[in-house]
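Hello,

Here is the structure I promised to pass on to you. Please open it alongside this message, and I will take you through what turned up.

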Amino acid sequence: MLLAATTVRGDHQSVHIDRYGFGTLVVDGREIHTDVLLTPGEVREYWWRREGHVLHLEDLDALLDEHLERLVVGTGAYGRMQLVSGLEPELAARGVTVEVLLTAAAVDRINELLSLDTPGWAGALHLTC
């Protein structure tokens, strides 16, 4: 999994998703055109998965080292990205609640978590199909 172009906010600063449209995410005024992993203070661009439209546990390694309680998965504009069988129970066993949504709804949910200053969440967003 390649992760690069990471943007990290300072202490107590959160990212904000301005908008999402097919293939484009605007975070804090900056356009992103790659799938991303997000935490309250960080954006990790160029998120690639082992199997393009299937999400495996190992695809989330960069997030699992953190204190993760909630994972919001954006499956794309049309829901093409799927979770591999058994992923949700595996994450639940680790204490992680998973919300699987189309990416537009996932963006709304992440902004809601940000507005509530909710700790312990991360987002994994597929931006295209």
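The largest nonpolar core in this predicted model has 18 residues, and those with the most contacts inside it are Ile17, Leu25, Leu38, Ile110 and Leu125. Five elements each supply at least two residues of this core: strands β2, β3, β5 (36-39) and β11 (121-125), together with helix α3. Of these, α3 gives the most, with five residues. As background, nonpolar side chains tend to be buried together in soluble globular proteins.

Leaving aside residues up to four places away in sequence, Leu125 touches Ile17, Leu25, Leu38 and Ile110, and its other contacts include Trp47, Ala106 and Val107. Apart from this core lies another, of 16 residues, including Ala62, Leu63, Leu68 and Leu71.

Strand β2 covers residues 17-21 and strand β3 residues 24-27, and they pair in the antiparallel sense over four bridges. Arg19, for example, has Val26 in β3 as its bridge partner. The two strands form a hairpin with two residues between them, and Gly23 in the turn has a positive phi of about 80 degrees.

Now to the charged side chains. A search of the whole structure finds nine salt bridges. Which residues are linked in a network of them? They are Arg70, Glu99, Arg109 and Glu112. Is Glu99 buried or exposed? Glu99 counts as buried because its relative accessibility is 17%, under the 20% cut-off. Arg70, at 24%, is partly exposed.

Glu112 pairs with Arg109 at 2.8 Å between the closest N and O atoms. Both lie in helix α3 (residues 103-115), three residues apart, or about one turn of the helix. Glu112 is partly exposed, with a relative accessible area of 38%.

One more salt bridge to look at joins the side chains of Arg50 and Glu58, at 3.0 Å from N to O. Here Arg50 is exposed, with a relative accessible area of 51%, while Glu58 is partly exposed at 36%.

Enjoy exploring it!

Best wishes

How values were computed
Residues are numbered from 1 along each chain as its sequence is written. This is a predicted model: local features need pLDDT of at least 70, side-chain atom pairs count only at pLDDT 80 or more; totals for chains, interfaces and linings use all residues. Side-chain values use heavy atoms; hydrogens and water are left out. Two strands pair if DSSP finds at least two bridges between them. A salt bridge is a side-chain nitrogen of Lys or Arg within 4 Å of a carboxyl oxygen of Asp or Glu. Buried means under 20% relative accessible area, exposed over 50%, partly exposed in between (1.4 Å probe, protein chains only). A nonpolar core is a set of buried Ala, Val, Leu, Ile, Met, Phe, Trp, Tyr and Cys residues joined through side-chain atoms within 4.5 Å. Contact means heavy atoms within 4.5 Å.
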